[in-house]
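Dear colleague,

The structure we discussed is below, with sequence and coordinates. My notes follow it.

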Amino acid sequence: MQRTIKRVGVMVSAFMLFLGCEISNFDLQENPNFLTPESADPEYLLNEIQYQFQYFMGLMILNTDDVMRYEALTDNYRDVVSVDVLDAEWESYFEALNNSRTIEKLAAEDESLLFHNAINKLLMGYLSVTMVDYVGKMPYTEAVNPSEYPNPRLDDGDDIYRSVLADIDQALLDIEASNFNFSTDLFYNSDKDKWKAFANTLKLRILVQTKLASSQLGIANVAAEINKLMEGDLIDTPTEDFQYIYSTVIEPESRHRYFQRAYVSDIGQYMGNYFMYMLKDSKSMADPRLRYYLYRQADEDPYSIPPYSTCQNESNVDYCYVGDYYRGLDHGESRTGYGDNSKRAVYGIYPGGGTFDEDQFLRASTTSTHLEGAGILPLLTSSFVKFLMAEAALTLGTNGDPAVLLEEAIRDSMQKVLGFGNVSSDFEATETDVDTYVSEVMTNYGNAASDAEKLDIIITEYYLAAYGNSVEAYNAYRRTGYPSNMQEPINGDTSFPRSFPYSSNAVEINRFIKQKQNSERVFWDTNPEGFIK
């Protein structure tokens, strides 16, 4: 990979800073590890923000992979989404915010840092709305200013969203006016046109995300605002995708988290039976992405061993085993620990940089992999954007044909996944496979009896394309209630987390933060209680 050498140096320095940080109280009291504007190197600070960006987003995605059934939830929602689940993410976010505001201060007096500050605002904007999407209200305006605000108050989520929208607009102006590049841009290699496309796309994502509560952002006509964005430059081809690229470097650990979990360690997760069923059996043909998404370690029929030997005849189990050696668990299944780590289906070549499934049926390890962990975080891709545009066209009447946008979205996803890792195999998917799959989806869409059924199809295909970024799936599920056939927990748990609890560390040291219930909804989630499970 072309960026490997550059990224190693960046991540080494960032990792060392991260290790030196005090735990959880940096946003509330003085921290000697934080750089002040007088001592800061803006290049280093922006490197660190990029590192914290991927660190934060990688963890947030893991937090909802099981909630969203990509992996099997093997406990209750309340236990999985517990009060300490966001401790590391909370610390990472506010460390990045501190560095971000230092860059802002430096850029205010140095025009050569306009582009640095634009990237800074866009990355922090993405992180900020993501944090709001998970916890709702949080410290923001008064945060990372311990001398003046030792206990920063919480800002409303919609206020933070408005601030981020203003930052996006300013970032676009700064990109246009900037004359200097950022030397270690890990996303777009200082391509200003791609950063502008990302800025516009992030704004579009925000507008679709908040469409049920757009008035709280002061937006009178959200459809008109989206149409304006669609007239400009957006992420509309896979070459413009906003993604973080991992490497094969081991020290410091720079490989994809999926790879670390399944190929380096003894995997402790089961893939979700619902997700595997949707890929393998929900249509007349298997999803062309199936062998890219998932890797089977063994070709043994599991019905002779627990938990499959006990679950196949139980009425509350929906799948138990989906067949063809795709061994996982149902959503809410608690029977684990049967020593079948080397038999389960695990993450494949996309997006975690593991192995393409060619019926090898070998245990996942660092010696049986195609990409050795050089996967990606698919953060905001052309496929995701077109799904959002299809949703907006159908539900808000924005420009574009939702059917056309749906087909383009699926094809962009297929292009990205099937081209990942330069697979050359007798088992790789073909153009005919893709055409057949798309034809079936579009036939179903054309036969849908209502807009609700059409939206269900759009969001279901979005869900399947969003593998590797459950943040998108979690937001779409709370926003729309689709996919409508999402498996409910077989343990009867109905406490689906409409939001996440605050970091337990933050609650302990900030008197303005009171722990919240997972049933609390973020400002844009105006759907009723019990809407989803």
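In helix 15, the buried residues are Val-434, Tyr-437, Val-438, Glu-440, Val-441, Met-442 and Tyr-445. Buried means under 20% relative accessible area, exposed over 50% and partly exposed in between (1.4 Å probe, protein chains only); helices (H or I, at least four residues) are DSSP runs numbered from the N terminus. The buried residues of helix 15 pack against helix 13 (382-396), helix 14 (402-418) and helix 16 (451-465), where contact means heavy atoms within 4.5 Å. Helix 15 covers residues 431-447, and its 17 residues should span 24 Å at 1.5 Å a residue; the end C-alpha atoms are 24 Å apart, which agrees. The expected span is 1.5 Å times one less than the number of residues.

This is a predicted model: local features need pLDDT of at least 70, side-chain atom pairs count only at pLDDT 80 or more, and totals for chains, interfaces and linings use all residues. Residues are numbered from 1 along each chain as its sequence is written, and side-chain values use heavy atoms, with hydrogens and water left out.

Leaving out residues up to four places away in sequence, Asn-120 touches Leu-46, Ile-49, Ser-100, Ile-103 and Glu-104.

Regards

Note on methods:
Helix = DSSP H or I, 4+ residues; strand = E, 2+ residues; numbered from the N terminus.
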